[in-house]
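Biologist: I would like to learn how to read a model like this one. Please take me through it feature by feature.

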Amino acid sequence: MAGSRAHERVHVRQYERWGPLFLPAYLLSSLAAWLRGRDPYRDNRFERQARERTARTEMNPGFSVNLRAEALMNDAGQSSGLNSRATRSPAR
Ligand SMILES: [Zn+2]
């Protein structure tokens, strides 16, 4: 937990991609690193990816803005989908 918002956002993206598998995959990655005599946190593949993407975000500030816009569009798409389904269904 590096305490940076960009870092946390990478984990959110990872969670969105992996869904319910995220936590087991994260733990397995830590276990694999530990079994290889490496650091279970620093050498965890999700942490490495978060560090790499955070470094890239710092070099390119527009990247985080794009992620935020994308997240907002996803939210809007999901809620409007629910709304249109609700209005189409007959009232009981
Ligand atoms: Zn992290």
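Modeller: We go from the overall fold to single residues. Keep in mind that this is a predicted model.

Biologist: How many helices and strands are there in the protein chain?

Modeller: The protein chain has four helices and zero strands. Along the sequence the pattern reads α-α-α-α.

Biologist: Where is confidence lowest, and where is it highest?

Modeller: Where pLDDT is low, the predicted coordinates should not be read in detail. Here the mean is lowest in helix H4 (residues 62-88), at 58. H2 has the highest mean, 98. Over the protein chain, pLDDT averages 80, and 58% of the residues score at least 70.

Biologist: What share of the residues is buried?

Modeller: Of the 92 residues in the protein chain, 9% are buried.

Biologist: Now helix geometry. What span should helix H1 have?

Modeller: First the general idea. An α-helix has 3.6 residues a turn, so residues three or four places apart point the same way. For the span, count 1.5 Å a residue.

Biologist: What does helix H2 reach, first C-alpha to last?

Modeller: Helix H2 (residues 22-35) also reaches 20 Å with its 14 residues. That is close to the expected 20 Å.

Biologist: Why does Arg51 count as partly exposed?

Modeller: Arg51 has 15 C-beta neighbours inside 10 Å. The count falls between the exposed limit of 12 and the buried limit of 20, so the residue is partly exposed. Arg51 sits in helix H3 (residues 45-59). From Arg51 to Ala6 is 45 residues in sequence, but 9.2 Å between C-alpha atoms.

Biologist: Last, a loop. Where does Pro40 lie, and which residues does Pro40 touch?

Modeller: Pro40 is in the loop between H2 and H3. Leaving out residues up to four places away in sequence, Pro40 touches Ser30, Ala33 and Trp34. Pro40 and Ser30 are 10 residues apart in sequence, with C-alpha atoms 4.3 Å apart. Pro40 is partly exposed because 16 other C-beta atoms lie within 10 Å.

Key
Residues are numbered from 1 along each chain as its sequence is written. This is a predicted model: local features need pLDDT of at least 70, side-chain atom pairs count only at pLDDT 80 or more; totals for chains, interfaces and linings use all residues. Helices (H or I, at least four residues) and strands (E, at least two) are DSSP runs, numbered from the N terminus. The expected span of a helix is 1.5 Å times one less than its number of residues. pLDDT is the predictor's confidence in each residue, from 0 to 100. Two residues are in contact if their C-beta atoms, placed from the backbone, lie within 7 Å.
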